[in-house]
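Subject: Structure for your review

Dear colleague,

Please find below the structure that I am handing over to you. I would be grateful if you would read the notes after it with the structure open beside them.

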Amino acid sequence: MSAAADNLTRIRASIPEAVTLVAVSKFHPTGAIMDAYDAGQRNFGESRVQELSAKMPQLPADIHWHFIGHLQTNKVRQLLRLHPALIESVDSERLLKAIDTEAEKIGIIQNVLMQVHVAQEETKTGFHPDELLAYFRDRRFENLRATHICGIMGMATNTDDECRIRTDFDMIAATFREIRSVCPDLRGFETVSMGMSDDYPTAIRCGSNMVRVGTAIFGAREY
Ligand SMILES: *Cc1c(COP(=O)(O)O)cnc(C)c1O
């Protein structure tokens, strides 16, 4: 068995059935993706439109691609034509509007997650929890015509401080629950995507049902 398949099998066995495992394949070659695919993996994550569009034609059509990187509005058209299963990184209303406009134009419903920013790094993007709550409280999602918001995505601060990581994940999970309580009629709003290679077990304990794991499956990335 390949190292990736081995890692995948071990991680899969260690997480609950109900948690979706997204194998983050950014910067890794299609051969490594095929090793994981052959081990049964179908959800993969990529963070750049260019890279995704280069890899996709070389790989099986039944892969569910998750877009997890910062998306510029001028790349929306190109990305949506690749039909990603889920765009996890919607970090502004402007971007959401651009996705909605393009999805309507090509006649699809695009699934997305709203990215929430709780980490201490300024470099990370996303809605502030209060900003996101206001979006749902004001029911601004009712203006969307071709986009389905399936949940939220977030990242913890990049630190060794377990306590800080737990606080961040608790904050993301609390934001999710609050959105559900202000909009109990929201349909299909079920996904809490949080947890990466170093912190996914903690994320799952805090309520994650989707983890995005790269390094622990494929090894270190060469940028
Ligand atoms: C790269 C990336 C991951 C995977 O990180 P690893 O530490 O390699 O598991 C997860 N989520 C996002 C948003 C990423 O950009």
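The notes below concern a pair of helices and the surroundings of the ligand. Please keep in mind that this is a predicted model.

Helix pair. Two packed helices are described by the angle between their axes and the distance between the axes. For helix H6 (residues 129-137) and helix H7 (residues 162-182), the angle is about 15° and the axes are 9 Å apart. Because angles under 35 degrees count as roughly parallel, H6 is described as roughly parallel to H7. The crossing of H6 past H7 is right-handed. H6 contributes Pro129, Leu132, Leu133, Phe136 and Arg137 to the contact, while H7 contributes Met171, Thr175, Glu178, Ile179 and Val182. Of these contact residues, seven are nonpolar, one is polar and two are charged.

Ligand. The residues around the ligand include Val24, Lys26, Ile68, Met155, Arg212, Gly214 and Thr215. A nitrogen atom of the ligand lies 2.9 Å from a side-chain N or O atom of Arg212. An oxygen atom of the ligand is 2.8 Å from a polar backbone atom of Gly214. At Thr215, an N or O atom of the side chain is 2.6 Å from an oxygen atom of the ligand.

Yours sincerely

Definitions and conventions: Residues numbered from 1 in each chain as written. Predicted model: local features only at pLDDT ≥ 70, side-chain atom pairs only at ≥ 80, totals over all residues. Heavy atoms only, no water. Axes fitted to C-alpha atoms, helices over the stretch in contact; angles between N-to-C directions. Helix = DSSP H or I, 4+ residues; strand = E, 2+ residues; numbered from the N terminus. Parallel < 35°, antiparallel > 145°, perpendicular 65-115°, else oblique. Left-handed = near helix turned anticlockwise from the far one by under 90°. Contact = heavy atoms within 4.5 Å. Nonpolar A, V, L, I, M, F, W, Y, C, P; charged D, E, K, R; others polar. Near = heavy atom within 4 Å. Polar contact = N/O pair within 3.5 Å; in protein donor to acceptor, adjacent residues only side chain to side chain.
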